[in-house]
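Here are my notes for anyone opening this structure for the first time. Have a look at the model, then go through the points below.

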Amino acid sequence: MTKVLLGTTKGVFVLSDKGGDQWNFSGPHCTNWPVNHVVGEGDNLWACGGNAFWGAAILRSTDGGEKWTFKRLSGGEIDDWLEKEPELADMFGLPEDEVLPFNGQIDALWSLKRVGGKLYCGAKPAMLFVSDDDGETWEKVNGLTDQEGAENWQPGGAGLTLHTILADPGAPEKLWVGISAAGVFATEDGGKTWERRNRKSNEDDKEVGHCVHNMARASTDGDLLYQQNHHGVWRSYDGGRSWQSINEGLPSDFGFPIAVSPIDPQTIFVLPLNGDSRGRFPPDASAAVYVSKDGGDSWTKTQNGLPTENCYFTVLRQAMATDANGGMYFGTNSGSVYMTRNDGESYEEIAQHLPTVLSVEVLND
């Protein structure tokens, strides 16, 4: 069975494939919480989110999404209310004697990654946390934010966010993170030391724009990475030590998501938008996913089944994912979810009228 996990501004939704293009629909779960990312492993699901009002929270289900518990790592503006009127805690579902281990340090949680028995979580402002007990307790990965130059990191439009975490399952000590607008950082010793990896190429000392929007790692033995940046789409064969532009053939250099097929490391998907300051919707208001089957050397425009007229939606950075069978899914800020099973030859809308979709992940049983 395929499960599509959706993080939205109004909680978690789960779509389960019944076969024959039929989908079961479950949600909303965690309805008080804006959920930036949801990941899973079997029946264990983890979500993260929050904002300046609610604080930063990890939410967990051990039964595939039916029941959820939550743990806040930091409080928010709501705590000022509760200090004056503590009886409201029950109404909002907050415990009275809550421990907030990183109170005042973070506003929200943005990204999750499960690897090597550990659970990693990225925050706003940009920090990385790790848990060895499935999210019950957390430690800050100090090596990332203690490195020289971190005090000079600048925020992007959504703030200084650690929004992307990549890992090598065969070498769990290797991690990559994307921080907007500080760039790409990598560790090969489990987070003790980090290296900034933004250089364009071995021949060019200039850097890719630091406002990385999203990254994807090919499921190969090498270090093939792809990046959607504020200033184009890029490819790295060496784990981000050097980047080459693969933007030629795309209608713009601006977009948020990027995804790679787990079956073919040369098959990648992007959804270009018309530009930073031009509305951030598909060029000519015509939705299209661009697919490359040669690692970005060439691109094919695909839009059969997508809205090709008067389309003004946005697809956000974590709202595109692939499944183990090569299918690709994306969600929109207008509340639709689309999928393709054939590398973009055709698309179908499998959900609509949802809240703004912030993240998409796929589980295959």
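1. A term to start with: buried means under 20% relative accessible area, exposed means over 50%, and partly exposed is in between, using a 1.4 Å probe and protein chains only.

2. Some ground rules. This is a predicted model, so local features need pLDDT of at least 70 and side-chain atom pairs count only at pLDDT 80 or more, while totals for chains, interfaces and linings use all residues. Residues are numbered from 1 along each chain as its sequence is written, and side-chain values use heavy atoms, with hydrogens and water left out.

3. The overall picture. The protein chain has three helices and 30 strands; these are DSSP runs numbered from the N terminus, with helices being H or I of at least four residues and strands being E of at least two. Its radius of gyration is 20 Å, close to the 21 Å that the globule rule gives for 365 residues, so the chain is as compact as a globular protein of that length. (That radius is taken over C-alpha atoms, and the rule is 2.2 Å times the number of residues to the power 0.38.) Along its principal axes, the C-alpha trace spans about 60 × 50 × 40 Å. Of the 365 residues, 58% are buried.

4. Contacts along the chain. Contact here means heavy atoms within 4.5 Å. Among contacts with a separation of 6 or more, 49% come from residues 24 or more positions apart.

5. The cores. A nonpolar core is a set of buried Ala, Val, Leu, Ile, Met, Phe, Trp, Tyr and Cys residues joined through side-chain atoms within 4.5 Å. The largest has 34 residues, and L6, V289, Y329, F330 and V360 touch the most other members. Leaving out residues up to four places away in sequence, L6 touches G11, V12, F13, L15, V38, V337, L354, V357, S359 and V360. There is also a second, separate core of 20 residues, which includes L5, L88, F92 and L94.

6. Back to the cysteines: how many disulfides does a search of the whole structure find? The count is zero. A disulfide is a covalent bond between the sulfur atoms of two cysteines, and the cut-off used here is a pair of cysteine sulfur atoms within 2.5 Å. For C48, the closest cysteine sulfur is in C121 at 4.4 Å, too far for a bond. For C211, the closest is in C48 at 19 Å, again too far.

7. Four strands form an open sheet in the order β12-β13-β14-β15, with antiparallel pairing. Two strands pair if DSSP finds at least two bridges between them. The edge strands, β12 (161-167) and β15 (195-196), each pair on one side only. Five bridges join β13 (residues 175-180) to the antiparallel β14 (residues 183-187), and L175 stands opposite T187 in β14.

8. Aromatic rings. Rings of Phe, Tyr and Trp (its six-membered ring) pair if their centres lie within 6.5 Å; planes under 30 degrees apart count as stacked, over 60 as edge-to-face and the rest as tilted. By this rule the count comes to 13 aromatic pairs. In one of them, F254 and F256 have ring centres 5.3 Å apart and planes at 75 degrees, so the pair is edge-to-face. Both F254 and F256 are buried. F281 and Y312 are also edge-to-face, because their centres are 4.9 Å apart and their planes at 75 degrees. That pair links distant parts of the chain: F281 is in the loop between β23 (268-273) and β24 (289-292), and Y312 is in the loop between β25 and β26, 31 residues apart. Elsewhere, ring pairs link W33, F53, W54, F70 and W81 into a cluster.

9. W243 lies in the loop between β20 (232-236) and β21 (244-245) and is buried, with a relative accessible area of 1%. Its C-alpha atom is 5.3 Å from that of S201, 42 residues apart along the chain. N247, in the loop between β21 and β22 (254-260), is buried at 15%. Setting aside neighbours within four places in sequence, N247 is in contact with G232, V233, S252 and D253. G305, in the loop between β25 (300-302) and β26 (320-322), counts as partly exposed at 42% relative accessibility.
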